[in-house]
Amino acid sequence: MNRVVITGMGIYSCIGKNQEEVRRSLYHGVSGIGLDPVRKEYGYRSALTGILDKPDIKELLDRKKRMGLSEQGQYAYMATVEAFRQAGIDEAYLQENEVGILYGNDSSAEPVIHAVDIIREKRNTALVGSGSIFQSMNSTVTMNLSVIFKLKGISFTVSGACASGSHAIGMGYFLIRSGMQECLVCGGAQEVNMYSVGSFDGLSAFSIREDEPAKASRPFDKHRDGLVPSGGGATLILESYASAKRRGAKILGEVAGYGFSSNGDHLSVPNVDGPRRSLEMAIKDSGLGIKDIQYINAHATSTQIGDLNEAKAILHVLGDARPYVTSTKSMTGHEMWMAGASEIVYSMLMMQNDFIAPHLNFEEPDECSALLHIPVQTVQKEFDTFLSNSFGFGGTNSTLIIRKCHL
Amino acid sequence: MANTELIEKINQKLAEEFETDIERIRPDAPLMQTLELDSLDLVDMVVLVEQHFGLTLKAQDFATIKTFQDFYDFIDSHVNESNEQK
């Protein structure tokens with residue numbers, strides 16, 4: 001079976017529009033969370049959100065390439081340009097090789113709502129315009145990026161709720177490991193607009209700590225009161241070790257293991273058993289021992305039951321090893337469909353630069369998080385293996401283990 | 001025959017929407033090739049005509065249009081027709 005390595009990364013998020021900006025934000029513990037006041041005008045319970053500028057895509061792509069690109073597609077495009085550049089993959093390579101794309105995305109609400117508004121008002125579907133359908137489909141990111149970059153390998157979208165980005169990397173890992181594909185664009189993207197989170201807001205799932213936006217996302221803290229929605233785009237270039245060596249690409253890391261499970265339980269309430277099995281499968285797949293895992297990027301979104309049950313699962317599986325545990329969502333909010341991919345990028349940046357970013361707003365632990373090794377200050381630490389959890393509605397769970405590539 | 005003001009407005013809107021140098025738009029130039037239009041773009045042409053000229057058309061209405069002059073005449077005749085109905 002082929003070894004699967006990472007040769008490129010790209011990130012466009014509320015804590016930075018490229019790797020260097022994000023690295024700085026991670027190191028200094030900078031929050032990307034703010035308020036979108038318009039949400040209050042529309043009766044939203046919470047105006048809290050990750051704050052990020054839309055890229056000036058008109059300067060980069062012609063009309064035909066832009067017209068089908070949704071908001072999250074634009075974020076994914078920016079991240080993928082950065083990732084290809086780092087991987088040393090250019091147009092000529094893409095023309096001559098079957099590079100594919102597997103990207104996590106699980107909604108495209110804004111263009112759907114705009115289209116429906118026009119149809120209701122005008123009673124003429126043509127006035128929706130030609131781009132709407134290509135922006136509205138769940139596969140909007142993969143269909144657009146595969147055309148823009150002229151990709152010739154596999155292309156489909158992975159919709160696994162808030163584990164979408166993580167599962168996309170896991171599926172890519174399987175395809176490359178089995179030899180079906182040599183090189184893939186994997187990642188996750190999430191739209192950041194009020195339409196995309198209206199019904200989620202209605203579940204009272206979001207923090208309402210609006211007077212202190214930077215303190216609103218507080219995973220594992222006893223006084224957490226809900227998540228903060230966020231988003232952007234994150235891309236990884238996965239390829240076989242042989243392909244990377246043949247191209248002379250710099251190998252940034254290796255996908256060592258992937259685990260998954262479903263809770264078989266409740267639509268929105270997570271349990272302990274599902275995440276536990278996902279963790280155990282990933283560790284078994286990697287062939288590593290629990291003491292090899294030095295850092296865990298937790299799924300922990302800042303909800304009471306979700307964080308509690310993840311802490312229990314981590315303690316059950318890795319309690320004896322006691323690795324550092326943080327949730328970068330304390331800085332970014334919950335990047336949902338994107339989170340499983342962005343959190344690999346964040347953790348990779350930490351591993352490459354020998355630090356663990358501070359876990360913000362962890363002021364008072366609960367009975368389980370008190371047993372986790374959660375640093376509230378930046379830790380200078382060289383480490384070579386980390387694990388990242390991503391869980392989603394419907395009880396879908398994904399766990400990835402990444403390590404520095406040892407020859 | 002469409003008036004100069006209408007022609008200038010049409011040229012400006014087409015150049016903006018389809019990101020073409022306005023200097024390339026000449027009455028006898030082929031519309032589809034000059035603007036590099038495909039079937040999807042004709043849908044956006046319907047939107048453009050509705051937004052800027054208040055006309056409700058279908059993509060197939062453009063089937064007989066070969067040149068920009070044909071387009072000017074087409075818009076002009078429908079604008080006049082629309083005004084008469086009002």
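## Strand β6 of chain A

Both faces of β6(A) are covered. On one side, A:C183, A:V185, A:G187 and A:A189 are buried. The model described here is predicted.

Two strands pair with β6(A). Strand β4 (residues 99–104) of chain A runs parallel to β6(A), with 6 bridges between them. The pairing with β7(A) is antiparallel and has 8 bridges.

## Chain A overall

Chain A holds 15 helices and 14 strands. Its C-alpha atoms fill a box of roughly 60 × 55 × 40 Å along the principal axes. The radius of gyration of chain A is 20 Å. A compact globule of 407 residues would have a value near 22 Å, so the two agree.

Of the 407 residues of chain A, 58% count as buried. Take contacts in chain A between residues at least 6 apart in sequence: 81% of them join residues at least 24 apart.

Chain A is divided into domain 1 (4–247) and domain 2 (257–403). Their C-alpha centres lie 21 Å apart. The contact between them takes 60 residues from domain 1 of chain A and 56 residues from domain 2 of chain A.

Several elements give two or more residues to the domain 1 side. They are β1 (4–12), α1 (19–28), β3 (48–50), α9 (164–177), β6 (183–190) and β7 (232–240) of chain A. The largest share of that side comes from α9(A), with 8 residues. By class, the domain 1 side divides into 26 nonpolar, 27 polar and 7 charged residues.

## The nonpolar cores

The largest nonpolar core has 108 residues. Those with the most contacts inside this core are A:L184, A:C186, A:L236, A:I237, A:L238, A:V255 and A:V345. Helix α15 (residues 339–352) of chain A gives the largest share, 9 residues. Where does this core lie relative to domain 1 and domain 2 of chain A? Both domains give residues to the core, so it lies between them. In soluble globular proteins, nonpolar side chains tend to be buried together.

A:C186 gives a local view. Leaving out residues up to four places away in sequence, A:C186 touches A:L102, A:Y103, A:A168, A:I169, A:G172, A:L236, A:L238 and A:A341. Another core lies apart from the largest one. This other core has 13 residues, among them B:I10, B:I25, B:L42 and B:F71.

## A:I11 in strand β1

A:I11 is found in strand β1 of chain A. Is A:I11 buried or exposed? A:I11 has 32 C-beta neighbours inside 10 Å, so this residue counts as buried; the cut-off for buried is 20 or more.

Residues up to four places away in sequence aside, A:I11 touches A:G16, A:N18, A:Q19, A:V22, A:A79, A:A234, A:S342 and A:V345. One of these, A:V345, is among the residues with the most contacts inside the largest nonpolar core. The C-alpha atoms of A:I11 and A:A76 are separated by 8.1 Å, while the two residues are 65 apart along the chain.

## Two residues with positive phi

A:D354 is not a glycine, yet has a positive phi of about 60°. A:D354 lies in the loop between α15 and β11 (355–356) of chain A. With 11 other C-beta atoms within 10 Å, A:D354 is exposed.

A:N361 also has a positive phi, near 65°, and is a residue other than glycine. Its loop runs between β11 and β12 (379–380) of chain A. Here 24 C-beta neighbours fall inside 10 Å, so A:N361 counts as buried.

## Where chain A meets chain B

How many residues of chain A are in contact with chain B? The contact involves 7 residues of chain A and 12 residues of chain B. On the chain A side, 2 are nonpolar, 3 polar and 2 charged.

Terms used: Residues numbered from 1 in each chain as written. Chains lettered and ligands numbered in written order. Predicted model: local features only at pLDDT ≥ 70, side-chain atom pairs only at ≥ 80, totals over all residues. Contact = placed C-beta atoms within 7 Å. Nonpolar A, V, L, I, M, F, W, Y, C, P; charged D, E, K, R; others polar. Domains from an automatic or database assignment. Helix = DSSP H or I, 4+ residues; strand = E, 2+ residues; numbered from the N terminus. Core = buried A, V, L, I, M, F, W, Y, C linked by C-beta atoms within 7 Å. Buried ≥ 20, exposed ≤ 12 C-beta atoms within 10 Å, placed from the backbone. Pairing = 2+ DSSP bridges. Rg over C-alpha atoms; globule rule 2.2 N^0.38 Å.
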